[in-house]
Amino acid sequence: MKRFLLVPFCLLLLVSCGGQKTTNTEEEIPADSAVAAADSVAADSVDMLSNLPMPKAADELFDDFIFNFAANKKLQMERVMFPLKKVNGDKVETIDRDHWKIERYFMRQQYYTLLFDSEKQMEVVKDTSLNHAVVEMIYFNTGAIIQHVFNRLRGAWMLTSIETIPISSSMNASFLEFYHQFATDPEFQMKSLNESIQFEGPDPDDDFSRMEGMISADTWEAFAPELPKKMIYNIVYGEPQKGSNRKLFVMRGIANGFEVEMTFQRKDGKWKLTKLTT
């Protein structure tokens with residue numbers, strides 16, 4: 001059931017939304033006891049999974065595979081194609097088995113981020129016919145994207161290469177440049193809000209209902225999620241698509257039910273936030 005929330009009552013959701021704000025990326029995690037405890041639980045979960053065999057069905061969906069790959073050291077060593085090709089511009093190297101460092105990706109930070117062009121494109125994560133995927137680590141401080149390229153070979157997902165490209169070469173270059181300023185510059189963030197922002201979120205009075213309404217710039221601060229500033233992850237499912245004028249920035253929790261979805265639209269060359277879903 002959905003309830004409709006009028007703008008004057010938006011602040012009522014502050015209590016429920018505030019408790020679900022994300023922590024920052026690994027480089028930025030504050031050292032308070034609550035976050036430290038969460039990180040400890042995440043680390044323990046990763047270590048617990050490290051000795052478990054991966055279910056055969058996990059190779060069907062890339063999402064299932066990548067979580068197993070990140071959590072299971074033994075599996076990871078089996079699913080890297082050594083010697084692994086590493087490309088950075090004109091520089092080409094290889095990494096052998098003895099020099100591989102286990103990659104945990106986003107497993108220790110309790111959430112990960114994704115970029116999509118539409119709600120329909122989000123359904124690709126359920127596509128069992130995919131044979132190619134790329135995990136991107138996007139570093140704003142260096143202006144680089146490290147891409148871990150995976151291919152499904154004879155039914156098994158394998159890490160086949162690592163490639164480093166400048167953010168400016170990405171299909172999402174325009175949005176990524178915008179996003180970094182949006183996340184780090186409060187004044188720019190306020191200027192990048194649509195005149196009215198659609199909102200959908202949980203009803204604090206009913207666990208089984210959701211609310212819908214509109215957010216104005218005056219009430220944005222009460223709803224604004226904490227955004228990662230130094231680096232974000234993205235997973236490209238299948239072949240990359242040409243950049244579009246619409247982006248869905250998704251922050252998705254790992255086994256904790258947390259999810260934030262922000263919809264941006266490029267109008268007259270400028271990106272604007274048009275919708276927030278929590």
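Mentor: A residue is called buried when its relative accessible area is under 20%, exposed when that area is over 50%, and partly exposed in between, with a 1.4 Å probe and only protein chains considered. Helices (H or I, at least four residues) and strands (E, at least two) are DSSP runs, numbered from the N terminus. The model is predicted, so local features need pLDDT of at least 70 and side-chain atom pairs count only at pLDDT 80 or more, whereas totals for chains, interfaces and linings use all residues. Residues are numbered from 1 along each chain as its sequence is written, and side-chain values use heavy atoms, with hydrogens and water left out.

The chain has eight helices and 13 strands, and buried residues make up 47% of its 278 residues. The part to look at is helix 3 (residues 62-71), which is largely enclosed by the rest of the structure because seven of its 10 residues are buried. Those buried residues are Phe62, Asp63, Phe65, Ile66, Phe69, Ala70 and Ala71.

The next term is the nonpolar core, a set of buried Ala, Val, Leu, Ile, Met, Phe, Trp, Tyr and Cys residues joined through side-chain atoms within 4.5 Å. The largest such core has 37 residues, and Phe62, Tyr105 and Phe150 are those with the most contacts inside it. Among the elements that give two or more residues to this core are helix 3, helix 4 (73-78), strand 5 (132-139) and strand 10 (231-237), and helix 3 gives the most, with six residues. In soluble globular proteins, nonpolar side chains tend to be buried together.

Taking a contact to mean heavy atoms within 4.5 Å, and leaving aside residues up to four places away in sequence, Phe62 touches Ala133, Val135, Phe150, Trp157, Ile235 and Tyr237. A second, separate core of 32 residues includes Ile138, Ile165, Phe199 and Phe223.

Rings of Phe, Tyr and Trp (its six-membered ring) pair if their centres lie within 6.5 Å, and planes under 30 degrees apart count as stacked, over 60 as edge-to-face and the rest as tilted. Across the whole structure, 27 aromatic pairs are found. One aromatic cluster is formed by Phe62, Phe65, Phe67, Phe69, Tyr105, Phe106, Tyr112, Phe150, Trp157, Tyr233 and Tyr237.
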